[in-house]
Amino acid sequence: MKRTALLAVPAALLLALVPGTASAYPNPGTVTGSTVVHDPTMIRTPGGRYLLYATGGGLGHRTSTDRISFTAGADAFTTKPSWWSSYATEAWAPDISYAGGKYLMYYAVSRFGENTSAIGLAGSTTGLPGSWTDYGVVHTSTSSSDYNAIDPNLFVDDDGKWWLSFGSWWTGIKMIRIDPATGKQYAGDTRRYSLAARPTGSKAVEAPYIVKRNGYYYLFASYDVCCQGTSSTYKVKVGRATSVTGPYYDKNGVAMTNNGGTPVLESHGNVIGPGGQSIMRDTDGDLIVYHYYDGNAGGTPKLGINLLNWSSGWPVAY
């Protein structure tokens, strides 16, 4: 934009361009069809079809050819794996990726607000409902744990190492190293790393997602309270690090393990409590894929998709 044109922009619009102000957040891109979701994760197949899985009815499936019109499909699993019953009857917060020559989906099995939880893993050659083979438990937590084994996200580094971040409330976001041969914890490194926490005040941080851009690792997480309709206070924040295991810091230099986090998306207009996010690289750039509660539809959870701009060194939704 030319400087003369910028000077002609009304003051109200200039305010809307300043990150961190409520009016700076963009509305979600247009989506239609079956868009009632929680915790969406999406991938684009080599043929150009979008596969989306989300919490709801188990691990619910949506598909699209244009990233606008979404059609509902069956649940990922035709039959629920028997081991789920030790933790809950339903799975949630899926994470779909393509690694090791197949589609992988990590997911959580837990009851809301409890930390007797498990992370499971399934694989598929097509990524379609009914094609998933369950590989069983990857990691667990119990009522005596100081963490919660939910909301998994697989990250594969440039050097071929696999990492799984996860966590919710308690002492925050954790990470373990994964063996690419099994998709489960790597026997040569059984440490549980701490990535983000809120040691004072609310413990509410969950749903990690990690990407590497321009030499930095970026940790996205959802903060505050989900799943309360228009009373939800969910928001997405980010920090970055020079090592995948941290430490992660926000734009102001505050550690993510000490209440840090730079806002990426917060409530604005009818978009209430955006969160449960995943990041996807598409042909036109990076997407942040999330749910929000629609203030114009009685708080119904809806699918949100926005592009991300990294030119400042920090992700900005547009």
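User: How many bridges are there between E12 and strand E13?
Analyst: E12 and strand E13 (residues 193-196) pair in the antiparallel sense over three bridges, and Met175 stands opposite Tyr193 of E13. Strands here are DSSP runs of E with at least two residues, numbered from the N terminus, and two strands pair if DSSP finds at least two bridges between them. The model is a predicted one, in which local features need pLDDT of at least 70, side-chain atom pairs count only at pLDDT 80 or more, and totals for chains, interfaces and linings use all residues. Residues are numbered from 1 along each chain as its sequence is written, and side-chain values use heavy atoms, with hydrogens and water left out.

User: Why is E12 described as largely enclosed?
Analyst: Six of the six residues of strand E12 (residues 173-178) are buried, so the strand is largely enclosed by the rest of the structure. Buried means under 20% relative accessible area, exposed means over 50%, and partly exposed lies in between (1.4 Å probe, protein chains only).

User: What about E8, how many of its residues are buried?
Analyst: Eight of the eight residues of strand E8 (residues 117-124) are buried. Both faces are covered, with Ser117, Ile119, Leu121 and Gly123 on one side and Ala118, Gly120, Ala122 and Ser124 on the other.

User: Which strands pair with it?
Analyst: Strand E7 (residues 102-109) runs antiparallel to E8 and is joined to it by seven bridges, with Tyr103 having Ser124 of E8 as its bridge partner. E8 also pairs with strand E9 (residues 133-141), in the antiparallel sense and over seven bridges, and there Gly120 stands opposite Val137 of E9.

User: Switching topic, where is the disulfide?
Analyst: The structure holds one disulfide, defined as a pair of cysteine sulfur atoms within 2.5 Å, and it joins Cys226 to Cys227 with an S to S distance of 2.3 Å. The torsion about the S-S bond of Cys226 and Cys227 is about 65°, so the disulfide is right-handed.

User: Are those two cysteines buried or exposed?
Analyst: Cys226 counts as buried, because its relative accessibility is 7%, whereas Cys227, at 36%, counts as partly exposed.

User: Now the open space: what lines the largest pocket?
Analyst: The largest pocket is lined by 22 residues, of which Ser97, Tyr209, Arg213, Ile279 and Arg281 lie nearest its centre. The elements giving two or more residues to that lining are strands E2 (38-44), E6 (91-99), E10 (153-156), E14 (205-213) and E18 (271-282). On a 1 Å grid over the protein atoms alone, a pocket is an open set of points with protein on both sides within 12 Å along at least five of seven lines, a cavity is a set where a 1.4 Å probe fits but cannot get out, and lining residues have an atom within 4 Å of a point.

User: And how many cavities are there?
Analyst: The count comes to one cavity of 30 Å³ or more. The largest cavity is lined by 15 residues, with Ala93, Pro94, Pro152, Gly276 and Gln277 nearest its centre, and E2, E6, E14 and E18 are the elements that give two or more residues to its lining.

Notes:
Helix = DSSP H or I, 4+ residues; strand = E, 2+ residues; numbered from the N terminus. Points joined across faces, edges and corners; volume = space filled by probe spheres on them.
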